[in-house]
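Please read this report with the sequence and the model side by side. It moves from strands to helices, then to charged pairs and overall figures.

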Amino acid sequence: LGIGRDETDALMRLMEKGLEADMLLVTGGVSAGVMDLVPVVLQGLGVKQVFHKVRMKPGKPVWFGEYEHKGRRNLVFGMPGNPVSTLVSFEIFVKPALRALGGDDFSRPKPVRGVLTSPVAHRGKRPTYHPGRISFGNREQGLPTVEPLAWSGSADLAALTRANALVMLPEGDYQLAVGAVVEVLRL
């Protein structure tokens with residue numbers, strides 16, 4: 001559909017066309033800023049919001065809704081605009097939905113366990129999906145090793161280009177030492 005300007009009428013025309021598909025995926029415009037018009041435009045088109053904003057980092061602003069028209073149900077995802085947030089939201093929400101639309105049973109992403117090769121400090125009230133590199137060739141304690149990458153947040157695309165996994169860090173304030181076992185989502 002191309003790039004939509006941050007103008008209600010322009011977004012409405014594009015999204016109305018997008019609602020003809022089984023799934024509409026929009027990136028950007030779903031946070032809390034003045035120009036984040038996507039939720040309002042979707043509501044104006046008759047899309048029923050199922051949820052908006054989730055407790056995860058990155059990816060908190062993700063939006064999901066359903067559109068029923070002429071006996072069909074379409075899924076609508078509004079993804080955050082920052083690249084790492086978009087990827088994480090895609091892995092957690094969109095990829096399982098696509099598999100289900102393709103005929104597979106709906107299932108959440110399945111993490112694997114790995115051993116940290118460097119320490120990790122976590123602070124915060126949201127679970128975090130931290131870019132990392134998992135290696136199945138190197139094993140510790142019978143598990144693959146996981147290197148958490150230097151990462152400066154949801155706009156850090158450079159870290160994401162080096163990642164082949166997301167280290168799942170539960171909410172809370174803590175430090176994990178080298179050798180700690182963590183859950184990892186493979187990319």
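Four strands make up an open sheet with mixed pairing, in the order 1-4-3-2. Strands pair here if DSSP finds at least two bridges between them. Strand 1 (23-27) and strand 2 (48-52) are the edge strands, and each pairs on one side only. From one strand to the next, the twist averages 15°. Axes are lines fitted to C-alpha atoms, for helices over the stretch in contact; angles run from 0 to 180 degrees between N-to-C directions.

This is a predicted model: local features need pLDDT of at least 70, side-chain atom pairs count only at pLDDT 80 or more, and totals for chains, interfaces and linings use all residues. Residues are numbered from 1 along each chain as its sequence is written, and side-chain values use heavy atoms, with hydrogens and water left out.

Strands and helices are DSSP runs numbered from the N terminus: E, at least two residues, for strands; H or I, at least four, for helices. Strand 3 (residues 63-69) and strand 4 (residues 72-79) pair in the antiparallel sense, over seven bridges. Trp63 stands opposite Gly78 in strand 4.

**Helix 3 across the sheet**

Which strands does helix 3 lie across? Helix 3 (residues 83-101) lies across strand 1, strand 2 and strand 4. Its direction is about 165° to strand 4.

Ser89 sits in helix 3. Is Ser89 buried or exposed? Ser89 counts as buried because its relative accessibility is 0%. Buried means under 20% relative accessible area, exposed over 50%, and partly exposed in between (1.4 Å probe, protein chains only). Neighbours within four places in sequence aside, Ser89 is in contact with Met56, Gly59, Val62, Met79, Pro80 and Val94. Contact means heavy atoms within 4.5 Å.

Helix 1 (residues 8-18) has the buried residues Ala10, Leu11, Met15 and Gly18. They cover an arc of only 115° around the axis, so they lie on the same side of helix 1. The arc is that of the directions from the helix axis to the C-beta atoms. These buried residues of helix 1 pack against strand 1 and helix 2 (38-44). The face turned away from the buried side carries the exposed residues Asp9, Arg13 and Lys17.

**Strands 7, 8 and 9**

Strand 7 (residues 128-140) has antiparallel links to strand 9, through five bridges. Thr128 has Leu169 in strand 9 as its bridge partner. Strand 7 also runs antiparallel to strand 8 (residues 143-148), joined by six bridges. Gly132 stands opposite Pro148 in strand 8. The hairpin of strand 7 and strand 8 has two residues between the strands. In this hairpin, Gln141 takes a positive phi near 55°.

**Charged pairs**

Side chains of opposite charge can pair when their charged atoms come close. How many salt bridges does the structure hold? It holds five. A salt bridge is a side-chain nitrogen of Lys or Arg within 4 Å of a carboxyl oxygen of Asp or Glu. The table includes some of them.

| Side chains | N to O distance |
|---|---|
| Arg5 and Glu7 | 3.3 Å |
| Arg55 and Glu171 | 2.5 Å |
| Arg73 and Glu66 | 2.4 Å |

Arg55 and Glu171 meet in a salt bridge. Arg55 lies in the loop between strand 2 and strand 3, and Glu171 in the loop between strand 9 (165-169) and strand 10 (174-176), so the pair ties together parts that are 116 residues apart in sequence. Arg55 is exposed, at 52% relative accessible area. Glu171 is partly exposed, at 39%.

In the pair of Arg5 and Glu7, Arg5 is exposed, with a relative accessible area of 57%. Glu7 counts as partly exposed, at 37% relative accessibility.

**The chain overall**

The protein chain has four helices and 11 strands. Its C-alpha trace spans about 55 × 40 × 25 Å along the principal axes. Of its 187 residues, 42% count as buried. Among contacts between residues at least 6 apart in sequence, 59% join residues at least 24 apart. The accessible surface comes to about 10500 Å², and 50% of that belongs to carbon and sulfur atoms. Accessible areas come from the Shrake-Rupley method with a 1.4 Å probe; for residues, only the protein chains shown count as cover.
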